[in-house]
Amino acid sequence: MTRRFLFVLGSARREGNSELLARRAAEQLPADVEQQWIDLADHPLPDFEDLRHDSDHVRPREGDVALLLDATLAATDIVIVSPLYWYSVSSLTKRYLDYWSGWLRTPGLDFKETLAGRTLWGVTALAHEEQEVADPLVGTLNNSAAYMGMRFGGVLLGNGSKPGDVLKDDAALTRAKTFFAQEAPLARFPYETP
């Protein structure tokens, strides 16, 4: 299967530091790798309603939910591009991941089976020098990938608060050059042993 990257932008700021860092990393992808970029601010999802036990799920056929579902199913690599907001993913990003719960229960999608073996990545910018404060964000993405049977390529972390700050983070820009070239291992929950 030809690699197809879906970049899901979850920032409330246009061309924010997380997006700038993701675009630097994406520049390194081979020319034959397809890239699709979807800004969740431009394609807002309605509040997620948990209907697991109340009704049948129906596959969305139009609108932003359908766009994101189709793009997610078509991707071999899903890149969550979210700034660190209160030590985790942004609300736009969280809402997108919440929709995965509904898609898991939509007849005929085989959502979990389709995503199994594919790769989840993360790119984030944070204002702290201490990268450990991003552990909750990393955990959210790792555990989501583990639940889905996906590979997890890790999270590319950069430092930046004001617009454009991340472009001064030489270490992050260096990591961006090879970030998507690494082999992504099968994701595991922290309690699992390799």
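Let me start with Tyr87, which is found in the loop between strand 3 and helix 3, where helices (H or I, at least four residues) and strands (E, at least two) are DSSP runs numbered from the N terminus. This is a predicted model, so to speak of local features we need pLDDT of at least 70, while side-chain atom pairs count only at pLDDT 80 or more, and totals for chains, interfaces and linings use all residues. Residues are numbered from 1 along each chain as its sequence is written, and side-chain values use heavy atoms, with hydrogens and water left out.

Phi of Tyr87 is near 75 degrees, a positive value in a residue other than glycine. Most residues other than glycine have a negative phi. Tyr87 counts as partly exposed because its relative accessibility is 36%; buried is under 20% relative accessible area, exposed is over 50%, and partly exposed lies in between, with a 1.4 Å probe and protein chains only. Glu15, which is not a glycine either, has a positive phi of about 50 degrees, and its place is in the loop between strand 1 and helix 1 (17–26). At 57% relative accessibility, Glu15 counts as exposed.

Now to strand 4, residues 119–126. Why can we call this strand largely enclosed by the rest of the structure? Eight of its eight residues are buried, and therefore the description holds. Thr119, Trp121, Val123 and Ala125 point one way from the strand, whereas Leu120, Gly122, Thr124 and Leu126 point the other way, and all are buried. As for its neighbours, strand 3 and strand 4 pair in the parallel sense over five bridges, where pairing requires that DSSP finds at least two bridges between two strands. Asp77 stands opposite Thr119 in strand 4. Strand 4 also pairs in the parallel sense with strand 5 (residues 151–159), here over seven bridges, and the bridge partner of Leu126 in strand 5 is Asn159.

Asp170 counts as exposed, at 56% relative accessibility.

Turning to the helices, helix 2 (residues 63–74) has twelve residues and reaches 17 Å from its first C-alpha to its last, close to the 16 Å expected, the expected span being 1.5 Å times one less than the number of residues. Its buried residues include Val65, Leu68, Leu69 and Leu73. Among the elements that cover the buried residues of helix 2 are strand 1 (4–9), strand 2 (34–39), strand 3 (77–81) and helix 3 (91–104), contact meaning heavy atoms within 4.5 Å. Helix 5, with 14 residues, reaches 20 Å from first C-alpha to last, close to the 20 Å expected. Leu137, Leu141, Asn142, Ser144, Ala145, Ala146 and Met148 are its buried residues, and what covers them includes strand 3, helix 3, helix 4, strand 4 and strand 5. Helix 5 is followed by Gly149, whose phi is positive, near 75 degrees.

On a 1 Å grid over the protein atoms alone, a cavity is a set of points where a 1.4 Å probe fits but cannot get out, and a pocket is an open set with protein on both sides within 12 Å along at least five of seven lines, lining residues having an atom within 4 Å of a point. About 290 Å³ of space lies in the largest pocket, a volume being the space filled by probe spheres set on the points, which are joined across faces, edges and corners. Its lining has 14 residues, of which Leu97, Asp98, Trp100, Ser101 and Ser144 lie nearest the centre. Which helix gives the most to this lining? Helix 3 does, with six residues.

By this rule there are two cavities of 30 Å³ or more. The largest cavity holds about 60 Å³ of space, and its lining includes Arg13, Arg14, Glu19 and Asp39. The second largest cavity has a volume of about 30 Å³ and is lined by Leu40, His43, Pro44, Leu45, Leu92 and Arg95.
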